[in-house]
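The sequence and structure come first.

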Amino acid sequence: MLEMNPAVLRSAIFLGVLLFFLVLELRSPYRQPSVSKAKRWLINLGMTAFNSLVLNLVFGGAPLLLAAYVSQHQMGVLPHLPVPYWLKVLLVVMFLDFMLWVWHLLNHKVPFLWRLHQVHHTDLNMDVSTATRFHIGELAISVVIKLALIYILGADVLMVLLFETLVVATAQFHHSSLKVPVWFENLWYVLFVPPSMHRIHHSVKIKERDTNYATIFSLWDRFLGTLVTAVDQDRIKIGVGGRYDEKKLNLHHLLVMPFTRYVR
Ligand SMILES: [Zn+2]
């Protein structure tokens, strides 16, 4: 029987969705790039390759291994919930997505975390590659938090894999520069995050940046008062105001950025 390693499946999904949105946004871009797309892709994917290598060396497939272990041993909260399995899957995905919303909010509010998270926001244009541009420090902390949540919940491999797949697919979609029909944006808004909503989050204006933290479900921003939609999309300038010099946004600058001067 053909069995696929979940970690390989995870990488295949990541690359497949990346390629899918790259082709779409090249065919039908929302706006023309203001800086070289090739150079940004080299930096963003270079960073992704570096992060994957180091995180794999440090953590291996820890989240999926832990999920297999805790579910096999009936550990955590989930075995005690008297609800059908499909509902547990839905609850886990929603709960983890809400925790991601809280984590994202903290990344904007806590100065030390913002030092790491700003690397993601310094991309001068947004496209599908922006979804993978993160400082390794932010990713390492988030893996530790994810391990703790899997342990507390007793989430299984399918739940973790489904959540990770949804995060990758929705984040790559809402970071993409794909031109999306207005009717689809409005429909997608009801539950999820369309590109226009996340574009506001990448604005140089701090007031606009500190909104729209959601990844999969837009519900959290809607219910917790951080949803902003009434912004003229055409005048949104992408990036961090204090870090707008393209010559200082190369891979090595991004790696040391958290340890240099503080920029809000
Ligand atoms: Zn952010």
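Donors are N, O and S atoms within 2.8 Å of the metal (3.2 Å for Na, K and Ca); water is not among the atoms, so sites may look incomplete. This is a predicted model, in which local features need pLDDT of at least 70 and side-chain atom pairs count only at pLDDT 80 or more, while totals for chains, interfaces and linings use all residues. Residues are numbered from 1 along each chain as its sequence is written, and side-chain values use heavy atoms, with hydrogens and water left out.

The donor residues of the zinc ion follow the spacing H-x3-H-x8-H-x3-H-x79-H in sequence. His108 belongs to helix H4 (residues 85-109) and His201 to helix H9 (residues 195-201), so this pair ties together parts that are 93 residues apart in sequence. Helices here are DSSP runs (H or I, at least four residues), numbered from the N terminus. The protein donors are the NE2 atoms of His104, His108, His117, His121 and His201, lying 2.2 Å from the zinc ion. Both His108 and His201 are buried, where buried means under 20% relative accessible area, exposed over 50% and partly exposed in between (1.4 Å probe, protein chains only).

**Salt bridges**

A salt bridge is a side-chain nitrogen of Lys or Arg within 4 Å of a carboxyl oxygen of Asp or Glu. By this rule the count is twelve.

| Pair | N to O distance |
|---|---|
| Lys37 and Glu25 | 3.0 Å |
| Asp127 and Lys37 | 3.1 Å |
| Asp210 and Arg264 | 2.8 Å |

Asp210, in the loop between helix H10 (206-209) and helix H11 (219-224), is linked with Arg264, in the segment after helix H12 (251-256), 54 residues away. Asp210 has 15% relative accessibility and therefore counts as buried, whereas Arg264, at 33%, counts as partly exposed. Asp127 counts as buried at 2% relative accessibility, and Lys37 does so at 19%. A network of salt bridges links Glu25, Lys37, Arg40, Asp123, Asp127 and Arg133.

**Cavity**

On a 1 Å grid over the protein atoms alone, a cavity is a set of points where a 1.4 Å probe fits but cannot get out; lining residues have an atom within 4 Å of a point. A search of the whole structure finds one cavity of 30 Å³ or more. The largest cavity has a volume of about 80 Å³, taken as the space filled by probe spheres set on the points. Its lining includes Arg40, Asp123 and Arg133.

Conventions. Helices (H or I, at least four residues) and strands (E, at least two) are DSSP runs, numbered from the N terminus. On a 1 Å grid over the protein atoms alone, a cavity is a set of points where a 1.4 Å probe fits but cannot get out, and a pocket is an open set with protein on both sides within 12 Å along at least five of seven lines; lining residues have an atom within 4 Å of a point.
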